[in-house]
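Subject: Structure handover, aromatic contacts

Hi,

Here is the structure I promised to pass on. My notes on its aromatic rings follow below.

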Amino acid sequence: MSRSSVNHSDRNGVVLIMVVVVIAILSLSSYGYTLLMQTENEAVVLSGDRIQARRLVDSGVESVRVFLAQGDEIIEQFGGYYDNADQFQGVIVRDDEDPNKVGLYSVVSPAMSEDDGVQSGTRFGLQDESVRLNLNILTLADVYQENGGRILLLALPNMTEAIADAILDWIDEDDEAREFGCEFNDYYAGLSPAYAPKNGPLDSVEELLLIRGVTPALLFGADANYNGVIDIEEEAAANGLEASELLGWSNYLTLYSKERNYTRGGLQRVNINSENLETLYNDLSSVLREEWASFIVAYRLFGPYVLVEDDEADGVVTGDDLDLTGVGSFTFLSVLDLIGIYVEVDTPDGTQIIESPIKESQLGLALPSLMDNLSIYSEPVITGRLNINQASRQLMLGIPGMTEEIVDEIIGVRDLVLDDPDGADLNRNWETWVLAEGLVTLDEMKSMMPFISAKGHVLRAEIVGFFAEGKISSRASVVFDTTDLFPRILFWRDKSHLSLGYTKEFLGAPILE
């Protein structure tokens with residue numbers, strides 16, 4: 001009996017231990033399952049927040065498109081697009097009692113120092129793409145200036161002649177290497193794997209990394225998260241770099257810059273190189289005085305005349321004196337070719353020497369009418385010129401004919417945004433304001449004209465979607481083309497995988513209780 005009782009007691013103890021073990025295992029399993037479900041729930045919430053953050057960016061993109069579609073006058077009435085915190089900082093898309101669900105977007109762009117023309121900080125607005133050098137027009141620069149493309153590229157920090165010519169060889173259509181450049185047999189054939197130069201326009205700025213001599217350090221600088229500023233965590237990589245080198249070449253380059261070839265009233269400018277002289281005369285007469293219209297057509301027919309001793313330029317010509325059925329044999333290289341010249345005209349009454357009605361001493365009054373109404377381009381857009389009103393000092397120094405003294409003068413007096421485009425600053429709507437204000441001579445202005453403008457109509461911005469509280473955000477770099485009736489997107493790059501680079505306070509997150 002005693003032995004049986006002991007055995008029974010031992011069995012009860014084993015059962016108890018087994019029950020405890022089973023309960024412990026079940027508890028751990030339940031805990032693990034609960035933890036797994038909590039993790040899955042958090043993952044689902046985070047995934048949803050990421051999707052919502054991207055939709056906040058989408059909302060910002062569409063809002064910007066609608067804003068830009070309103071026309072220049074209305075845009076100016078609402079503060080413009082250059083620096084406008086009211087329109088572009090902390091715009092609430094989704095309001096909610098839960099701070100974690102209050103969704104906003106901000107539109108940010110690099111700011112430019114007004115004193116030295118160096119990029120410094122950020123602002124709430126869009127960036128004119130014409131402040132960047134357009135890579136795909138570099139070969140055209142050679143038409144206006146010997147080695148013009150190389151000269152423009154050499155303005156970039158740490159650019160060499162060898163890299164500049166290699167870039168041009170990659171873009172140009174021929175297989176002949178430039179002086180310091182390289183084609184397939186000179187370099188790319190020896191790579192593993194080998195590949196051939198593009199011999200055509202670039203598809204992205206990053207394509208430069210395929211070209212001999214171009215490195216990530218040169219292209220991107222120390223700005224690892226591509227937000228246009230050097231953050232605290234990037235300062236170590238930026239140590240020792242000049243201010244112009246910090247953000248790399250990508251900060252100076254584009255493929256998209258262009259401007260409307262339209263008057264301020266929205267009509268396409270008259271191409272003074274049009275072949276049909278009768279149509280040209282009629283178009284000119286509709287926007288200019290008859291004296292100007294007939295002189296322009298006379299130039300096309302007879303070309304410029306150089307006065308010799310005893311010549312008297314006192315003739316007057318009208319459209320009735322000209323054979324408008326003839327063919328224009330002389331081509332304007334610039335609208336400024338009209339200033340201070342003479343034309344010898346054969347009329348029914350004999351040969352007459354006609355002086356241009358546009359005098360160099362009256363440029364301040366004549367230039368607005370010339371620049372607004374006339375052009376040497378037939379296309380509705382002009383591609384790739386550099387906006388001297390907002391461009392960096394670094395790039396302006398690369399413009400053929402530009403000197404350090406001229407650049408310093410421009411930076412010293414220019415306005416990044418026109419204060420009064422309809423009043424005293426009327427000339428500043430066109431690049432010739434530097435001529436009207438005496439910063440350059442007429443000849444210097446003519447040499448710069450193919451490369452510079454006063455405003456572009458393709459705009460870039462970084463659009464950030466974020467929540468008032470919480471760590472999830474999204475951002476994208478977007479390029480808008482406003483040369484069409486309704487702005488369209490030329491470029492979109494998601495940057496959500498990179499660190500945000502901005503504080504919520506800077507972006508305009510509301511203070512919530």
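Does Phe88 count as buried or exposed? Phe88 counts as buried, at 2% relative accessibility. Please keep in mind that this is a predicted model.

Now the ring pairs. Searching the whole structure gives 11 aromatic pairs. One of them joins Phe67 and Phe88, with ring centres 5.4 Å apart. Their planes stand at 80°, so this pair is edge-to-face; the cut-off for that class is over 60 degrees. Phe67 belongs to helix α1 (residues 2-68), while Phe88 belongs to helix α3 (residues 85-88). The pair therefore ties together parts that are 21 residues apart in sequence. Phe67 is buried too, with a relative accessible area of 7%.

Tyr502 and Phe506 make another pair. Here the centres are 6.1 Å apart and the planes lie at 15°, so the rings are stacked. Stacked requires planes under 30 degrees apart. Tyr502 is buried, its relative accessible area being 10%. Phe506 is partly exposed, at 26%.

There is also a cluster. Trp170, Tyr187, Tyr188 and Tyr195 form one aromatic cluster.

Last, charges over rings:

- Arg123 places its charged end over the ring of Tyr82, 3.8 Å from the ring centre.
- Arg428 has its charged end over the ring of Trp433, 4.1 Å from the ring centre.

Best wishes

Methods. Residues numbered from 1 in each chain as written. Predicted model: local features only at pLDDT ≥ 70, side-chain atom pairs only at ≥ 80, totals over all residues. Heavy atoms only, no water. Phe/Tyr/Trp six-rings, centres within 6.5 Å; stacked < 30°, edge-to-face > 60°. Helix = DSSP H or I, 4+ residues; strand = E, 2+ residues; numbered from the N terminus. Buried < 20%, exposed > 50% of the residue type's maximum accessible area, 1.4 Å probe, protein only. Lys NZ or Arg CZ within 6 Å of the ring centre and 35° of its normal.
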